[in-house]
Amino acid sequence: MTSHDEHVHAGHDHSGHSDHSGHGGVNAMAASATLHCLTGCAIGEIAGLMIGTAVGLSAAWTIALAVALAFVFGYTLSTLPLLKSGMALGAAFSVVLAADTLSIATMELVDNLVMALIPGAMEAGLVNVVFWVGMMIALAVAFVAAFPVNRYLLQRGKGHALTHQYHGAEPVQEGVRRLIPSFSSGALAAVVIAFMLGGLSVAIADEIGGGSDAAEQVEMQGH
């Protein structure tokens with residue numbers, strides 16, 4: 001029976017083999033790791049912004065909540081496959097902390113910086129085109145910024161290399177662990193994109209509707 005340290009060491013060996021297999025393998029793993037982190041960050045950020053707006057929090061508190069939830073969802077999505085593979089909760093969380101913290105932190109820093117630089121994006125409500133377009137741009141830039149970070153870590157047997165061996169591992173078929181859901185990064189990314197496009201569509205419809213109402217009021221005043 002292998003120990004937790006041996007599992008982690010195996011992760012280092014796995015990354016080393018990937019590094020020698022060529023830049024293509026490392027780049028593919030880095031892209032997958034970045035997408036994985038991005039989906040968790042996006043879910044947490046959108047949830048935080050929606051909650052903050054709904055309860056009337058200030059911009060600073062809304063951003064703080066969004067960042068906190070981004071870390072929560074990011075860590076959770078990385079921990080679930082490890083738990084499903086049979087790893088203990090404490091061990092799984094310690095591995096995820098070491099693997100994902102730098103990537104998530106990079107994404108959150110860049111994402112919020114870009115949102116702050118886009119005029120009106122931070123102040124815009126959820127039913128606002130600027131908010132959704134700004135969020136899409138910010139997440140895209142965050143992906144580009146976090147990719148080299150994940151690539152650097154992978155080449156040194158760190159970051160996603162610590163958890164990669166457990167993704168796709170044979171799941172535990174007994175006890176409560178068999179009930180743990182499995183989410184692929186691609187499926188989660190598709191859901192996030194669909195949700196954001198839905199939000200953008202609602203914002204566009206509201207803007208068009210608001211413009212029509214204003215035109216009708218002007219016309220009525222003219223009569």
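Biologist: Is Trp132 buried or exposed, and at what relative accessibility?

Modeller: This is a predicted model, and here Trp132 has 4% relative accessibility, so Trp132 counts as buried. Phe131 comes out as buried too, at 3%.

Biologist: How should I read a pair of aromatic rings?

Modeller: The general idea is to take the distance of the centres and the angle of the planes. In this structure the count comes to four aromatic pairs. One of them joins Phe131 and Trp132, edge-to-face, with 4.9 Å from centre to centre and 85° between the planes.

Biologist: Why is the pair of Trp132 and Phe195 called edge-to-face?

Modeller: Their planes stand at 70°, with the ring centres 6.1 Å apart, so the pair is edge-to-face; the cut-off for that class is over 60 degrees. The pair links distant parts of the chain, with Trp132 in helix 5 and Phe195 in helix 7, 63 residues apart. Phe195 itself is partly exposed, at 40% relative accessibility.

Biologist: Which residues form one aromatic cluster?

Modeller: That cluster consists of Phe71, Tyr75 and Phe93.

Biologist: Let's turn to helices. Which way do residues three or four places apart point?

Modeller: They point the same way, because an α-helix has 3.6 residues a turn. For a case here, look at Thr39 in helix 2 (residues 23-55). A polar atom of the Thr39 side chain lies 2.7 Å from the backbone oxygen of His36.

Biologist: What does Thr39 contact beyond its neighbours within four places in sequence?

Modeller: Thr39 is in contact with Leu77, Ser185, Leu188, Ala189 and Val192. Thr39 counts as buried, at 3% relative accessibility.

Key
Residues numbered from 1 in each chain as written. Predicted model: local features only at pLDDT ≥ 70, side-chain atom pairs only at ≥ 80, totals over all residues. Heavy atoms only, no water. Helix = DSSP H or I, 4+ residues; strand = E, 2+ residues; numbered from the N terminus. Buried < 20%, exposed > 50% of the residue type's maximum accessible area, 1.4 Å probe, protein only. Polar contact = N/O pair within 3.5 Å; in protein donor to acceptor, adjacent residues only side chain to side chain. Contact = heavy atoms within 4.5 Å. Phe/Tyr/Trp six-rings, centres within 6.5 Å; stacked < 30°, edge-to-face > 60°.
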